[in-house]
Amino acid sequence: MADAHPLPAGTQAPDFRLQRAPDQTVSLGDYRGQPVILAFYPADWSPVCGDQMALYNEVLSEFEGYGAKLLGISVDGAWCHRAFADERKLHFPLLADFEPKGAVARRYGVYRDSDGCSERALFVIDGDGIIRWSYVSPIDVNPGADGILRALDAVASEGTPA
Amino acid sequence: MTRRDAGAALTLPVGKRDHVQGPVDAAVTLVEYGDYECPHCGRAYPIVKAIQQRMGPRLRFVYRNFPLRESHPHAQQAAEAAEAAGAQGKFWEMHDRLFERQFALDGEYLIEYAGDLGLNVARFRKELEGGVYEPRVREDFRSGVTSGVNGTPTFFINGARHDDSWEFEPLLAALEKAAVVIR
């Protein structure tokens, strides 16, 4: 985590459009007006990611309680994501930061050149598209959901900055 | 490993709502967030028992529910079954039975265990079918999420998350260390 420079709180979140399924794309702007949680993770199928995504799958209703949308992102392709999401029964979209590889992760400051994948990084973005919280976890550590919930709580109670 | 830079801490202090074994003035309190269908929790179960035996009244043990419903289809109902048994004064008996019979957590087994434990089975069945303890289990779960539980089992020692191994020796050592600090 020492080398990562994630975009900090207060920054406008860079917009992007990525595949969320082999035949479907989604952009960050589609969710304007509601909080978005971007969960960058290194790869489908690796055991720690599995645990992290499995936890978020369980906590989804808590996120939804804040009206927030969770988006997982890795450099894996859309077909790989589909197989992973089907196998783990994930109920949120996994976006393919696949071509050009890692381009969105780079714009958010969380690409690992040495490994060819993203950091395990979290961003909470408010309804106006402003990053309100960012966090990079050690690559092999499940960051849990407590930080996300605290950030959503802050967004909900403070409202969006003028 | 679940090690993390910032030390996560219990957001919901141990209180009247909790299921507790051991004296309230014990030197150290161990809280477990667990899932009756989780194989790791099943493996931790005899370890905790052995530690309780070793530490005796110096240890207070608290169990809270963290059912991973998407991964473990029986976990939520098993958690509610333990709460339903708790409402009839047999929480720990059901807790033990569920971990010892992790492979048999279907509804009819839960009813059978209630009978074995001498519970009022009609009431147990009615409460289970009515989801009476669903909010209680959900409250446990949510308190776990906000406290930094990121998988099961997760342990807290005197309110601080225990990120090292929960095998017998390291868990006992951590508890003994915490017991000394308090005194």
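This is a predicted model: local features need pLDDT of at least 70, side-chain atom pairs count only at pLDDT 80 or more; totals for chains, interfaces and linings use all residues.
Figure 1. Arg43(B) is partly exposed, with a relative accessibility of 43%. Arg43(B) belongs to helix H1 (residues 39-55) of chain B, while Glu167(B) sits in the loop between strand E5 (160-162) and helix H7 (168-182), so the pair ties together parts that are 124 residues apart in sequence. Over all chains, the structure holds 23 salt bridges.

**Figure 2. The salt bridge between Asp96(B) and Lys49(B).** The N to O distance between these two side chains is 3.1 Å. Asp96(B) lies in helix H3 of chain B and Lys49(B) in helix H1 of chain B, and the pair links parts of the chain that are 47 residues apart. Is Asp96(B) buried or exposed? With a relative accessibility of 17%, Asp96(B) counts as buried, the cut-off for that class being under 20%. Lys49(B), at 28%, counts as partly exposed.

**Figure 3. Arg136(B) and Asp140(B) in helix H6 of chain B.** A salt bridge joins the side chains of Arg136(B) and Asp140(B), at 3.7 Å from N to O. Both residues lie in helix H6 (residues 134-147) of chain B; they are 4 residues apart, which separates them by about one helical turn. Arg136(B) is buried, its relative accessible area being 16%. Asp140(B) is buried as well, with a relative accessibility of 0%.

Figure 4. Helix H5 of chain B covers residues 121-129, and its residues Phe124(B), Glu127(B) and Leu128(B) are buried. Viewed down the axis of H5(B), the buried residues fall within an arc of 100°, so they line one face of the helix. Which residues are exposed on the face turned away from the buried side? That face of H5(B) carries Ala122(B), Lys126(B) and Glu129(B). The buried residues of H5(B) are covered by elements that include helix H2 (75-87), helix H3 (91-100) and helix H4 (107-116) of chain B.

**Figure 5. The ends of helix H5 of chain B.** At the N-terminal end, H5(B) is capped by Asn120(B), which has a side-chain oxygen 3.2 Å from the backbone nitrogen of Ala122(B). Ala122(B) is also one of the exposed residues on the face of H5(B) turned away from its buried side. After H5(B) comes Gly131(B), with a positive phi near 60°.

Figure 6. The relative accessible area of Gln76(B) is 14%, and the residue is buried. Its neighbours within four places in sequence left aside, Gln76(B) is in contact with Pro67(B), Arg69(B), Glu134(B) and Val137(B).

**Figure 7. The interface of chain A and chain B.** On each side, 20 residues are in contact with the other chain. About 1600 Å² is buried between chain A and chain B, with carbon and sulfur atoms giving 45% of this area. Which three residues supply more of the area that chain A buries against chain B than any other three? They are Glu58(A), Glu62(A) and Asp146(A), which together supply 37% of that area.

**Figure 8. Polar pairs and elements at the interface.** Between chain A and chain B there are 2 salt bridges. In a salt bridge between Arg138(B) and Glu62(A), the side chains are 2.9 Å apart, N to O. Across the interface, 7 residue pairs are in polar contact. On chain A, helix H1 (47-65) and helix H4 (146-158) are the elements that give two or more residues to the side touching chain B. H1(A) provides the largest share of that side, 6 residues. By residue class, the side of chain A that touches chain B has 9 nonpolar, 5 polar and 6 charged residues.

Note on methods
Residues are numbered from 1 along each chain as its sequence is written. Chains are lettered from A and ligands numbered from 1 in the order in which they are written. Side-chain values use heavy atoms; hydrogens and water are left out. Contact means heavy atoms within 4.5 Å. Buried area is the accessible area (1.4 Å probe) that two parts lose on being put together, summed over both. A salt bridge is a side-chain nitrogen of Lys or Arg within 4 Å of a carboxyl oxygen of Asp or Glu. A polar contact is a pair of N or O atoms within 3.5 Å; within protein, one must be able to donate a hydrogen and the other to accept it, and residues adjacent in sequence count only if both atoms are side-chain atoms. Ala, Val, Leu, Ile, Met, Phe, Trp, Tyr, Cys and Pro count as nonpolar, Asp, Glu, Lys and Arg as charged, and the others, Gly among them, as polar. Buried means under 20% relative accessible area, exposed over 50%, partly exposed in between (1.4 Å probe, protein chains only). The arc is that of the directions from the helix axis to the C-beta atoms.
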